[in-house]
Amino acid sequence: MGDKRIENLVQEVFKKAKQETVSHTRFALARHIAEKTNLSSKTLERAYDKYVKKTNPNYKLQEDSIDLLCNYLGFENFSDYVKRAITPPDTSGTGEPNPSAIKSTKPFLRILAGILAIVGILFIWSVKRGNTPSHENCMTWADSLYIPISCDTGSLSNYGTPIVPLDPVKLKSFKKVKVTMATQFFSEQTNQPLIWYFKDRNGEMEYYTAPGLHPVNGRTLKAITEHMINEHVQLHINREESFLKE
């Protein structure tokens, strides 16, 4: 009989005994097993010393004793145990799972954790995508406002403007507008600017409803000031009925 397989058998026997008894001392475990088999507690203590504690290397279990231990575990004999036993044995002597068996499962657990992490990321990404039509996850500047557009369109839209990731806030609030002296340029509560501007090389003014970068050339927009209003804003809208008398 293979000594290693006998060692595994004895360790499983004492592991089972620990699950069935309150006291886990060598004497208590040996006595409990003796009551379940026809073995003496002294034989079991010697087997414990050799195969669990590894302190009695010269001791050798008899063949009939080995078969009785197999009966305790539910096997017909040692041959039946060798054929049917598939659970990795306890080699720690503590009744805890075999450290080598735990070690062998670590790569699998790491792979499983990685797979679950990827699945979680994909799930969150799909939920976020669900808030916007799948074919319109980007946007582009179209004359005076941003419009949703497919990210598959390319780097530039038909308007010749860059296609950028969709920004719901900018999509809703960033617009190019025309202003007059009747426009509300500042908040009544905070006096903070409500209009931002860009002035090109020719002195032409463009006005926008939110801060940020110019949607075409990428230049930083400036907050409106009283000086710029007095210098550049028309006194009236280009309609006869809208003329404002001074």
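Cys138 stands opposite Ile149 in strand E2. This is a predicted model. Cys138 also forms a disulfide with Cys151, and a search of the whole structure finds one disulfide.

**The E2-E1-E3 sheet**

- Three strands form an open sheet in the order E2-E1-E3, with antiparallel pairing.
- E2 and E3 are the edge strands, and each pairs on one side only.
- From one strand to the next, the twist averages 40 degrees.
- Five bridges join E1 and E2 in the antiparallel sense.

**The disulfide**

- The sulfur atoms of Cys138 and Cys151 lie 2.0 Å apart.
- The link is right-handed, with 100 degrees about the S-S bond.
- It joins distant parts of the chain, 13 residues apart. Cys138 sits in strand E1 (residues 138–142). Cys151 sits in the loop between strand E2 (145–149) and strand E3 (163–165).
- Cys138 has a relative accessible area of 9%, so it is buried.
- Cys151 is partly exposed, because its relative accessible area is 37%.
- Another cysteine, Cys70, counts as buried at 0% relative accessibility.

- Strand E5 (residues 196–199) pairs with E6 in the antiparallel sense over four bridges.
- Lys199 has Met205 as its bridge partner in E6.
- E5 and E6 form a hairpin with five residues between them. In the turn, Gly203 has a positive phi of about 85 degrees.
- Strand E4 (residues 176–177) pairs with strand E6 (residues 205–208) over two bridges, again in the antiparallel sense.
- The bridge partner of Lys176 in E6 is Tyr208.
- The side chain of Lys176 meets that of Glu206 in a salt bridge (3.8 Å, N to O). This pair links distant parts of the chain, 30 residues apart, with Glu206 in strand E6 and Lys176 in strand E4.
- Lys176 counts as partly exposed, at 32% relative accessibility.

**Val179**

- Val179 is placed in the loop between E4 and E5.
- At 9% relative accessibility, Val179 counts as buried.
- Leaving aside residues up to four places away in sequence, Val179 touches Phe185, Tyr207 and Val233.
- The C-alpha atoms of Val179 and His232 are separated by 9.9 Å, although the two are 53 residues apart along the chain.

**Helices and their salt bridges**

- Helix H2 (residues 26–36) has the buried residues Leu29, Ala30, His32, Ile33 and Ala34.
- Their cover includes helix H1 (3–20), helix H3 (41–51) and helix H4 (63–72).
- Arg26 forms a salt bridge with Glu45, the closest N and O atoms being 3.2 Å apart. Arg26 is in helix H2 and Glu45 in helix H3, 19 residues apart.
- Arg26 is partly exposed at 31% relative accessibility, whereas Glu45 is buried at 7%.
- Glu7 forms a salt bridge with Lys54, with 3.4 Å between the closest N and O atoms. Glu7 lies in helix H1, and Lys54 in the loop between H3 and H4, 47 residues apart.
- Glu7 counts as buried at 11% relative accessibility, whereas Lys54 is partly exposed at 47%.
- Salt bridges link Lys4, Glu7 and Lys54 in a network.

Definitions and conventions
Residues numbered from 1 in each chain as written. Predicted model: local features only at pLDDT ≥ 70, side-chain atom pairs only at ≥ 80, totals over all residues. Heavy atoms only, no water. Pairing = 2+ DSSP bridges. Disulfide = S-S within 2.5 Å. Buried < 20%, exposed > 50% of the residue type's maximum accessible area, 1.4 Å probe, protein only. Contact = heavy atoms within 4.5 Å. Axes fitted to C-alpha atoms, helices over the stretch in contact; angles between N-to-C directions. Salt bridge = Lys/Arg side-chain N within 4 Å of Asp/Glu carboxyl O.
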